[in-house]
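Hi there,

Here is the structure I promised to pass on to you. Have a look at it first, and then read my notes below.

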Amino acid sequence: MCGIVGYIGGQNCVPVLINGLESLEYRGYDSAGVAVISNGAIEIRKTKGKVENLRNLLLEQPVSGTVGIGHTRWATHGAPSDVNAHPHFSNDDKIAVVHNGIIENYQELKEKLQAKGYVFHSDTDTETVAHLIDDFYKQNNDLLEAVRLTLNVIEGSYALGVLCTDYPDQIIAARKESPLIVGIGEGSNFIASDIPAILNYTKNAYILGDKEFALIKADEIKLYDIDGNEIHRDVYTYNWDVEAAQKNGYDHFMLKEIYEQPKVVMDNLSRRFSADGKHVELDGIKLGRAELENINQIYIVACGTAYYAGLVGKYLLERMVRIPVNSEVASEFRYKDPLIDEHTLVIVVSQSGETADTLSALKLAKAKGSRVLGIVNAVGSSIAREADDVLYTLAGFEIAVASTKAFSAQVIAMYLLTLHIAQELGTLPEKDFLEIKEAMLRLPSQINDILTKAVPAIRSFVDKYISSKNVFYIGRGLDYVVSMEGSLKLKEIAYLHSEPYAAGELKHGPIALIESATLVVGVATQESLFDKTRSNMQEVKARGAKVLAIAMQGNRSIEEVADDVIYIPRTHWMLTSVLANIPQQLFAYYMALGLGEDIDKPRNLAKSVTVE
Ligand code: M6R
């Protein structure tokens with residue numbers, strides 16, 4: 001949560017900061033602010049709400065300078081307000097700080113600082129950091145050392161940007177468990193929570209590690225570990241272009257990302273099969289037969305949409321490899337003392353690679369001796385760096401808070417991993433592998449087909465039922481997993497109450513909620529379960545529900561129990577999830593559009609959840 005950007009160089013930093021903050025708004029949009037060194041003083045402009053409000057404030061109260069830091073906030077400590085917006089000042093306005101993360105011991109530190117006479121103006125944990133740096137600085141007159149001493153005292157997670165009027169030619173940055181990169185320009189340098197913020201200026205950056213900090217000048221960058229030793233890091237070059245962070249004519253990033261899925265799936269499939277076409281080849285995965293034979297159970301751990309992608313993996317691995325697979329949300333897994341050991345493979349799934357709960361789950365698994373495989377989108381992220389093996393999902397930037405293309409890429413990763421493990425352990429005959437591979441290679445054009453054909457039917461369904469207040473999603477097996485993801489998407493962006501149920505479970509209680517015109521999305525793409533799910537759809541229809549069905553082409557009998565049907569192209573049973581989810585994404589998108597919601601920035605949410 002929260003986005004940080006900083007600039008030091010030869011030009012006015014304010015437009016750089018504002019543009020950077022706009023590309024980071026997916027991380028939080030409760031407030032925004034900048035601190036700029038101007039004529040030897042630090043000028044702060046900050047306000048509640050989106051970056052647009054800050055832009056307007058800067059028109060009324062302009063400021064300029066060549067060194068500055070900016071912040072867009074997802075509130076944790078203290079309500080979204082002008083006073084709680086970052087940056088935060090030390091008492092004499094000498095030091096300004098922006099922060100992403102949570103200082104867990106801030107209350108205790110605050111009391112000690114108050115006893116020394118420091119006055120707090122906000123309810124944030126971050127203000128403690130500004131005063132602490134100031135306190136150490138007053139003792140030793142060395143800003144870099146004051147920051148280092150502060151890092152030794154604060155507990156929790158942080159990405160920090162620090163300015164000081166006594167050092168008008170530098171920014172200090174630090175990180176622990178919250179992302180931060182140091183962008184390398186020519187005659188200018190940057191800090192950012194993520195590369196889109198600075199992609200207009202550079203593709204090269206140092207990725208700061210945990211408990212590392214940086215001294216950044218216009219023409220020099222020095223990196224240090226927590227003990228103050230200078231360290232050296234390879235420059236990482238981001239292989240993405242500026243368009244990747246722009247809407248490119250689409251009304252919303254979410255829609256753009258939905259339409260990118262054929263390419264994302266293709267990217268995830270190309271170069272993943274051996275030259276003879278008979279094997280999966282996964283760079284970065286060192287799980288051969290010997291390692292796999294040492295494993296007697298698998299845990300798949302993640303949050304939100306990534307958890308549902310993991311559930312697809314559970315269904316597939318159990319069925320095709322016959323190893324017990326537990327799937328857990330990371331926030332539960334990390335506190336339940338899970339029964340795992342060196343014979344457990346723990347798979348963590350994360351788009352951002354920074355989700356606090358998932359990262360903690362990973363660390364717990366490693367501490368218990370388990371091997372950890374990360375399925376991660378963000379290259380160089382904390383989870384990617386800490387996992388023993390990494391399978392990158394190659395979805396590119398995902399900017400909309402509601403995850404779409406990343407889910408598809410994660411599901412494809414699950415397909416590939418299942419095939420790899422099944423082949424290594426000899427549970428998948430070559431003939432079956434070749435059949436599945438051919439079906440996988442058809443997925444990009446099949447997704448394209450759905451995107452081309454399904455929109456008119458979905459829009460007309462949305463028009464009919466836009467005033468619905470409750471939507472149920474039902475399915476069985478893999479279709480049940482897809483239902484969960486569909487329901488989450490609708491909640492997130494359309495703010496509609498929505499519940500996913502295993503279709504067979506309805507009659508044990510939830511069916512009592514079905515009444516005239518209740519909306520039900522029924523997913524029935526699993527041929528072996530089709531008749532069962534169809535019967536469950538019949539049951540809700542008989543009680544007055546309006547049913548939107550998602551089924552495979554050819555299964556026309558679904559029309560007898562549904563009001564509207566979206567057909568997906570025929571595919572192998574194990575591959576239906578990625579196709580069945582596309583109409584659900586479009587349904588959530590057009591419902592939210594019809595209701596006039598802020599699709600890319602839904603209320604209360606942020607893209608990257610780096611707090612517990
Ligand atoms: O970055 P991650 O994949 O670890 O994020 C996990 C969830 O926070 C994320 O999938 C969330 O549920 C999305 N907003 C869903 O659209």
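**Around the ligand**

An oxygen atom of the ligand lies 2.7 Å from an N or O atom in the side chain of Ser 352. Please keep in mind as you read that this is a predicted model. In Lys 489, a side-chain N or O atom is 2.8 Å from an oxygen atom of the ligand. In Glu 492, a side-chain N or O atom is 2.5 Å from a nitrogen atom of the ligand. How much of the ligand's accessible area does the protein cover? On its own the ligand has 410 Å² of accessible area, and the protein covers 90% of that.

Now for the surroundings as a whole. The ligand has 15 residues around it, and Ser 350, Gln 351, Ser 352, Thr 355 and Glu 492 are the closest. Sorted by class, this shell holds six nonpolar, seven polar and two charged residues. Where do they come from? Domain 2 (248-428) and domain 3 (446-595) each give at least three residues to the shell. Among the helices, H9 (304-321) and H15 (478-494) each supply at least two. The space that the ligand takes up is the second largest pocket.

**Two backbone details**

Most residues other than glycine have a negative phi, and most peptide bonds are trans. Two places here are worth a look with that in mind. The peptide bond from His 86 to Pro 87 is cis, with omega near 0°. You will find Pro 87 in the loop between strand E4 (67-73) and strand E5 (88-89). Arg 271, a residue other than glycine, has a positive phi, near 65°. Arg 271 is in the loop that runs between helix H7 (261-269) and helix H8 (289-293).

Notes
Residues numbered from 1 in each chain as written. Predicted model: local features only at pLDDT ≥ 70, side-chain atom pairs only at ≥ 80, totals over all residues. Heavy atoms only, no water. Near = heavy atom within 4 Å. Polar contact = N/O pair within 3.5 Å; in protein donor to acceptor, adjacent residues only side chain to side chain. Areas by Shrake-Rupley, 256 points an atom, 1.4 Å probe, with all protein chains shown as cover. 1 Å grid on protein atoms, 1.4 Å probe; cavity = no way out; pocket = protein on both sides within 12 Å on 5 of 7 lines; lining within 4 Å. Sits in = over half its atoms within 2 Å of the grid points. Helix = DSSP H or I, 4+ residues; strand = E, 2+ residues; numbered from the N terminus. Nonpolar A, V, L, I, M, F, W, Y, C, P; charged D, E, K, R; others polar. Domains from an automatic or database assignment.
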